[in-house]
Amino acid sequence: MAQASMAHALTAPRPAALLVLVGAAATVGGALIFQHVLGYVPCKLCLTERQPYYLAVPLLAAALLLPRRPASWLLALVAVIFLVGAGLGAYHAGAEWGFWPGPSDCGGGAGPAPAGVNDFLKALESTRPVDCTAAAWRFLGISLAGYNALIAVVLAAFAGIAALRGLRRG
């Protein structure tokens, strides 16, 4: 009974918005740590997969400040945004596993800006673009793109349940 009341309390619009906000911020923060602290250079798809998080975080922050009904509508929008993000992650993970081809124009994010033309030409000799079809890191056989797909589905489900609950209360 206590678990049911806890789940009921956490799926109210404001607590759900806070939990999804924390989950989204932690996810994109983890990606930024992999990039800037651990030195993993993101590919084009990796950078694209972050966009739903960048869009959802301010919407979730707004949902914390709004009355229940508008907050519920924002949570519904966030659920759709994260479903798109899950699709991007699944597409990327599938390309990494060779289930389908990845984008033909996939290269990495920009590195540090060269100081001059000579530095630029020197960097061109040693720089290899990051391939969207090669997973840079895996844990338990799942790449970062795969984990992103899983996390985005969970965030979408949680936001969607809270949105429905908030909108049903009228």
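## Basis of the model

The model is predicted: local features need pLDDT of at least 70, side-chain atom pairs count only at pLDDT 80 or more, and totals for chains, interfaces and linings use all residues. Residues are numbered from 1 along each chain as its sequence is written, and side-chain values use heavy atoms, with hydrogens and water left out.

## Overall fold

The protein contains six helices and two strands. Helices (H or I, at least four residues) and strands (E, at least two) are DSSP runs, numbered from the N terminus. Along the sequence their order is α-α-α-α-α-β-β-α.

Of the 170 residues in the protein, 34% are buried. Buried means under 20% relative accessible area, exposed means over 50%, and partly exposed lies in between (1.4 Å probe, protein chains only). Among contacts with a separation of 6 or more, 77% involve residues 24 or more positions apart; contact means heavy atoms within 4.5 Å.

## Helices α2 and α6

Two packed helices are described by the angle between their axes and the distance between the axes. Helix α2 (residues 13-36) packs against helix α6 (residues 144-168) at an angle of about 165°, and their axes are 9 Å apart. Axes are lines fitted to C-alpha atoms, for helices over the stretch in contact, and angles run from 0 to 180 degrees between N-to-C directions. The two helices are therefore roughly antiparallel; angles under 35 degrees count as roughly parallel, over 145 as roughly antiparallel, 65 to 115 as roughly perpendicular and the rest as oblique.

On the α2 side, the contact is made by P13, A16, L19, V20, G23, A24, T27 and F34. They meet L144, N148, I151, L155, F158, A159, A162 and G166 of α6. By class, this contact has 12 nonpolar, four polar and no charged residues. Ala, Val, Leu, Ile, Met, Phe, Trp, Tyr, Cys and Pro count as nonpolar, Asp, Glu, Lys and Arg as charged, and the others, Gly among them, as polar.

L155 has a relative accessible area of 9% and is buried. Leaving aside neighbours within four places in sequence, L155 is in contact with V20, G23, A24, Y53 and F82. Its C-alpha atom is 7.3 Å from that of G23, although L155 and G23 are 132 residues apart in sequence.

## Helix α3

Helix α3 (residues 44-65) has 22 residues, which at 1.5 Å a residue should span 32 Å; its end C-alpha atoms are 34 Å apart, which agrees. The expected span is 1.5 Å times one less than the number of residues.

The buried residues of α3 are L45, E49, R50, P52, Y53, A56, L59, L60 and A63. Their cover includes α2, α4 (68-97) and α6. L59 touches L74, L77, V78 and I81, not counting residues up to four places away in sequence. Between L59 and L77, 18 residues apart along the chain, the C-alpha separation is 8.6 Å.

L65 is also found in α3. At 71% relative accessibility, L65 counts as exposed. L65 and A17 are 48 residues apart in sequence, and their C-alpha atoms are 9.9 Å apart.

## Helix α4

The 30 residues of α4 should span 44 Å at 1.5 Å a residue, and the 42 Å between its end C-alpha atoms agrees. After α4 comes G98, with a positive phi near 80°.
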